[in-house]
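Here's a quick tour of a few spots worth a look. Have the sequence and the model open side by side.

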Amino acid sequence: MGRMDEPLRLPGSSFAAWSRDRLALARRGADECGDVWQLEPGVYVAATAGPCEEVLRRAQDFLKVPSPLFPPLKRSSGAQTPEVRAHAHAARMRGLRPQAVAARIGEIAPGTARFADQWPTGQDVEILPALRHALAEIGVRYLFSEDAPALLPFAPQLFLAREMLVRPSRWAWPRWIPTPARRFRTRQQVDFTNALRSVVCRRRSSGRLGDDVLGQMLRPSSRYGPLPEEAILDSLPGITVATFETPSRAAGWILLHLARYPQAAGRVAAEAALLPVDPAATTSTHLDSLQYTQALVREVLRLHPPSWLLTRRATRQTQLADYTIDAGATVLVCPYTAHRDAREHFEPDQFQPERWLEDSGSPAKGEAFFSFGTGPHGCEGAALAMAMLTLLTAQTARRYHVSEPSGPEPSYQVTTFGGLTPVGLRLRATLRS
C-alpha cells in the first residue's frame, strides 16, 4: 500500500538539478559523497542502508512530515489531538495487520484473477490504468466490504486529486492559498466524505459494524473508547487512495519484469498452477506457498521502490553519520540508493529474486529493504500490498506470457516526482499453452 509522504519541494538551484535527473543525482551522491551527504544548507540525504534505517527508527529525532494530500476538513470541532490520531492509527491497524490480511485472502484473490481474465490478449495494452482500476476495486472492497460499490466511484476522482497535487510546479504555494488543485481536492474529499458518512451512520444505527477496516474503526477501543466520527471520515480518503495508487506503480514494474525475464515468469507460473481454480477458495496457506513469487515481488520493489524518497524533519540538533543535523533540517531517506548498496546486496543492480530465498527455498531475512519504510512509521498497509501484488503476479503469470512491444525504445517513460512510475507502459499478453 502507498506511503503518502509529502512531495519533495526544495528551494534553489539544487532542486532544479534534482528535478532534471533526480535518480542520477541520487546515485551519484551516494557513490561520491558517502552514507550521508548535504544537498544544500539544511537538507541532507541518507543514501545507504545504515543511515536510512537509523533515521526511520529514530522517530522521535526525525519526525515524519504529515501528508498535505488529504488534510482534515475544516470543522468547528478543531484539530485532532495526538491521542485521537493514535487511536485512529490503532483502529486502522486492527484491520490491516498481517493476521487480519491473512484471514481475508479469499476476498483479495478474486480481484487479482479478474484483472488477469480481463487483459485483452494479442495486443499492446497500456497497462497502468487497468492495474489502477483492478487494485482500486480490491482495496476499496477490503476497506468497506459490502459498501464498496457505493464508495468505489469516488476512488478515481480522489486519485486524480492526488495526481494534481503532486504534479511538479515551479512555485511552492503556501498551504493556505486555495490553488485550483487544492480546491479540486477539497471538492472530491467532501463528496467522498459525505457518502462515507451515510455508510457510517447506517452501520452504527443498525449495530452491524462489519469486520472490514471501517468496521474495526467503528468498534470502541478498551483503551480509548469510541473513535470520533470526524477522525474516521478524515483518515479514510488518504487510506483509500493509498490502497491502490502506489501498488499500481509497483505492479507495473513487476509485469515489466515478467516480460523481460521469461524464465523467472515461468517459475512463478509453476507455483501459481497449484492455486485453487476458484480464486475465492484461496487461503493464507496458498499465499505462503508462493515463495518464489513473493521473492520476485520483493526484488522488483528493491530495484524500483515506488516511494523512492521519504521526507523527515529533525526535531532537535542531533548527529547522523559525520554531520551535525540542526533542529528543523530536512533529512531525505533514499531507499533507491540504499537498496543498491553493494555492501548490503551482492551485484545490487542485477535482478535476482533468489537473493530473497534461502537454499531451502524459504524466505531469507535480514537484507536491507525499505520499500515499505521501517520503524514506528512503516507503511500501515504493507501486508495488504504484498498480498495484492503477489496474487496479481501469480494469477497473471499463470495465464500469460507477457512481452514488450518490439523496437529499440522502451515502452514507457519513468517519472520520479511522486514516485518511480513507468508512465505509458505498454505490454502484450499471450496465453500460455
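Helices here are DSSP runs of H or I with at least four residues, numbered from the N terminus. Keep in mind that this is a predicted model.

## A glutamate in α12

Let's start with E229, which sits in helix α12 (residues 229-242). Is E229 buried or exposed? Buried means under 20% relative accessible area, and E229 comes in at 19% relative accessibility, so it counts as buried. Leaving aside residues up to four places away in sequence, E229 touches R197, V200, C201 and R204.

Next up is an open sheet of 3 strands, ordered β4-β12-β9 and paired antiparallel. β4 (124-126) and β9 (400-403) are the edge strands, each pairing on one side only. From one strand to the next, the twist averages 40°.

β9 and β12 (residues 426-431) are antiparallel and joined by 4 bridges; V402, for one, has A429 in β12 as its bridge partner. Packed on the sheet is helix α13 (residues 245-260), which touches β9 and β12 and points at about 95° to the direction of β9.

## Where α6 meets α18

Helix α6 (residues 105-117) packs against helix α18 (residues 382-399) at about 40°, with the axes 8 Å apart. The two helices are therefore oblique to each other, and their crossing is right-handed.

On the α6 side, the contact residues include I105, I108, F115 and D117; α18 brings in L384, M388, L391 and R399, among others. The contact divides into 11 nonpolar, 3 polar and 2 charged residues.

Note on methods: Residues numbered from 1 in each chain as written. Predicted model: local features only at pLDDT ≥ 70, side-chain atom pairs only at ≥ 80, totals over all residues. Heavy atoms only, no water. Pairing = 2+ DSSP bridges. Axes fitted to C-alpha atoms, helices over the stretch in contact; angles between N-to-C directions. Contact = heavy atoms within 4.5 Å. Buried < 20%, exposed > 50% of the residue type's maximum accessible area, 1.4 Å probe, protein only. Parallel < 35°, antiparallel > 145°, perpendicular 65-115°, else oblique. Left-handed = near helix turned anticlockwise from the far one by under 90°. Nonpolar A, V, L, I, M, F, W, Y, C, P; charged D, E, K, R; others polar.
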